[in-house]
Amino acid sequence: MKQIIMTALRVLLTILAVLIAAAGLVYFTGVVYFRTHFPFHTSFLGYDVSQREVDAIDECMQIESDAVSLSIHELDGSTETLELAADAGYRRTVAEPAEGWIPAYQSWTWPLSLREDTFLTGDVSISYDRDRLAETVASLEAMDPEKTVLPENARLEWQGDHCVIVPEVDGNSLYVTRTIDAIARAIENESDLVDLAAEDCYRKARIRSDNAYLRQELARYETINFQRIEIDMTGETVVLTPDDVLSFYNEDENGELSLRDEEITRFVDELKDRYDTYERQRPFVNSYGNEIIVGTRADTYGFKMDRDATVALLTETLLNKERLAQIEPVWFNQAWARAENGSDIGDTYIEISIADQYLWSYIDGEFQFGTSVVTGNTGNHDTPRGVFRILLMQRDVTLVGDDYASPVSFWMPITWSGVGLHDAPWRGSFGGRIYTYNGSHGCINMPYWAASNLYWSYYAGTPVVIW
């Protein structure tokens with residue numbers, strides 16, 4: 001029995017010695033082998049060099065130095081590939097010699113590499129031509145102007161009679177410099193992916209839908225009920241949009257609106273200055289076809305606004321906050337027409353030339369008749385020149401002055417001082433030079449038939465142009 005046990009023990013020891021010898025052989029073989037080869041599970045700058053000779057690093061370096069390729073992820077989910085090669089200025093170099101990266105003593109620990117990963121890194125230097133990179137980036141489809149949508153800020157927009165906030169549009173427009181910088185960082189960091197959105201390369205609208213100012217403005221429009229005011233200036237309409245209406249208000253720190261009386265008055269003053277024609281000069285084409293300038297401070301014809309009453313009317317309209325209000329100014333005096341050239345005479349009027357001592361009658365642009373007249377005595381009773389209106393129409397009136405009392409059948413005054421058109425039964429002739437030595441006291445004398453025609457053809461308000 002003892003002999004059997006000893007025999008078995010010797011067998012076991014023999015097997016163990018063989019195994020140890022084999023393991024030692026394997027180990028020392030590995031020590032020799034891994035003096036010139038990389039251990040198991042070893043990578044160099046991302047490339048697997050396990051069990052490869054050290055010269056394999058040179059191959060990896062050669063692969064890396066040829067070109068760089070990056071995937072460019074864009075906003076719409078699409079991907080483009082950007083290639084930058086050596087001929088475009090790209091170069092990748094490793095500073096230290098590959099042989100110095102595997103010290104001899106590391107070969108004694110090669111069995112550890114069976115369970116552990118080894119990541120070898122080198123002092124990598126990346127260089128590239130930024131101008132050539134910029135050219136390459138410019139060739140990307142993402143940079144194509146025809147495919148680029150520029151950002152649009154959120155804004156207020158009128159839709160019908162309401163104002164709404166139109167949301168912003170960010171678009172897909174790229175910051176050029178920011179995009180080049182992001183791609184350059186990826187190249188320098190040896191990354192193969194650039195997410196342009198994550199790198200904040202896209203332009204964005206600065207004013208967003210939740211902008212406090214936009215919402216404040218919308219609230220102000222709602223306060224005035226989106227009011228629009230149309231002002232009929234006779235022949236022309238002045239429109240106050242809700243934007244204009246808001247300019248008549250002040251806003252306090254609590255957002256409450258109150259009318260600015262001084263702004264309303266200033267606006268009405270501007271209207272008056274622009275649209276009043278009373279006692280102002282304007283162009284006029286006379287019966288000879290010549291354009292002359294007529295109008296003096298003695299005029300009684302033209303547009304003359306009642307400033308205070310118009311201010312009160314506009315203020316009341318604003319306070320009512322009616323969605324669409326249509327008003328007319330309050331006039332002291334109102335003309336019959338309004339032309340683009342500033343004339344307000346229209347095509348129905350009476351024209352008188354003092355130099356020619358002649359009167360022309362026009363209705364709707366059509367010549368009616370003409371007649372010789374006698375105007376004011378030269379030097380002491382001159383007939384005023386200007387643009388007047390017939391103030392009233394009267395029959396069978398006695399004209400009374402300091403040294404006369406003259407009954408007439410037709411009386412049509414044109415000034416508040418008593419100058420007018422009338423028949424003159426005491427005269428036997430009209431026209432010529434009579435006014436220079438036997439003229440009127442300022443009125444326009446004419447034959448009975450002519451005065452009758454004027455009286456029955458016109459009415460109060462008719463313009464009378466005297467030049």
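Predicted model: local features only at pLDDT ≥ 70, side-chain atom pairs only at ≥ 80, totals over all residues.
Trainee: OK, sheets. What is the strand order in the open sheet that contains β3?
Mentor: The order is β4-β3-β10. Three strands, open, with mixed pairing.

Trainee: Which strands sit at the edges there?
Mentor: β4, residues 79-85, and β10, residues 193-195. Each of them pairs on one side only.

Trainee: And how many degrees are neighbouring strands turned against each other?
Mentor: On average 25 degrees in this sheet, with direction ignored.

Trainee: Parallel or antiparallel for β3 and β4?
Mentor: Antiparallel, over seven bridges. Strand β3 covers residues 67-73.

Trainee: Which residue stands opposite L70?
Mentor: L82, in β4.

Trainee: Remind me, what holds paired strands together in general?
Mentor: Backbone hydrogen bonds, in either a parallel or an antiparallel arrangement.

Trainee: Now the sheet with β11. What's the order?
Mentor: β12-β11-β18. This one is also an open sheet of three strands with mixed pairing. Its edge strands are β12 (237-240) and β18 (324-327), each pairing on one side only.

Trainee: How far are the neighbouring strands of this sheet turned, on average?
Mentor: By 15 degrees, direction ignored.

Trainee: In which sense do β11 and β18 pair?
Mentor: In the parallel sense, over four bridges. Strand β11 runs over residues 228-232. Look at E230: it stands opposite Q326 in β18.

Trainee: Which strands does helix α7 touch?
Mentor: β11 and β12. Helix α7, residues 261-275, packs on the sheet. Its direction makes about 160 degrees with that of β12.

Trainee: And α8, which strands does that one touch?
Mentor: β11, β12 and β18. Helix α8 spans residues 307-320 and packs on the sheet too. The angle between its direction and that of β18 is about 165 degrees.

Trainee: Switching to the surface. Which residues form the nonpolar patch?
Mentor: M6, L9, L13, L16 and I20. Together they have about 470 Å² of accessible area.

Trainee: Where is M6 found?
Mentor: In helix α1, residues 2-33.

Trainee: Why does M6 count as partly exposed?
Mentor: Because its relative accessibility is 41%.

Trainee: Salt bridges next. How many does the structure hold?
Mentor: There are 25.

Trainee: Take E135. Which side chain meets it in a salt bridge?
Mentor: R132, at 3.8 Å from N to O. Both lie in helix α3, residues 130-138. They are three residues apart, about one turn of the helix.

Trainee: Is E135 exposed or buried?
Mentor: Exposed, with a relative accessible area of 53%. R132 is partly exposed, at 35%.

Trainee: Which parts of the chain does the R220 and E251 pair link?
Mentor: Distant ones. R220 is in helix α5, residues 212-223, and E251 is in strand β13, residues 249-251. The two are 31 residues apart. Their side chains meet at 3.3 Å, N to O.

Trainee: R220, buried or exposed?
Mentor: Buried, with a relative accessible area of 15%.

Trainee: What about E263, which residue does it bridge to?
Mentor: R260, at 3.6 Å from N to O. E263 counts as buried because its relative accessibility is 12%, and the cut-off for buried is under 20%. R260 is partly exposed, with a relative accessible area of 24%.

Trainee: Which residues make up the network around that pair?
Mentor: R260, E262, E263, R266 and E270. Salt bridges that share partners join them into one network.

Trainee: Last one, D243. Where is its place?
Mentor: In helix α6, residues 242-246. D243 is partly exposed, with a relative accessible area of 42%.

Trainee: Which residues does D243 touch?
Mentor: W158 and Y221, not counting residues up to four places away in sequence.

Trainee: And what separates D243 from L150?
Mentor: 27 Å between their C-alpha atoms. Along the chain, D243 and L150 are 93 residues apart.

Note on methods
Residues numbered from 1 in each chain as written. Heavy atoms only, no water. Pairing = 2+ DSSP bridges. Axes fitted to C-alpha atoms, helices over the stretch in contact; angles between N-to-C directions. Contact = heavy atoms within 4.5 Å. Patch = residues over 30% accessible without salt bridge, like charges linked within 9 Å, V, L, I, M, F, W, Y side chains within 5 Å. Areas by Shrake-Rupley, 256 points an atom, 1.4 Å probe, with all protein chains shown as cover. Salt bridge = Lys/Arg side-chain N within 4 Å of Asp/Glu carboxyl O. Buried < 20%, exposed > 50% of the residue type's maximum accessible area, 1.4 Å probe, protein only.
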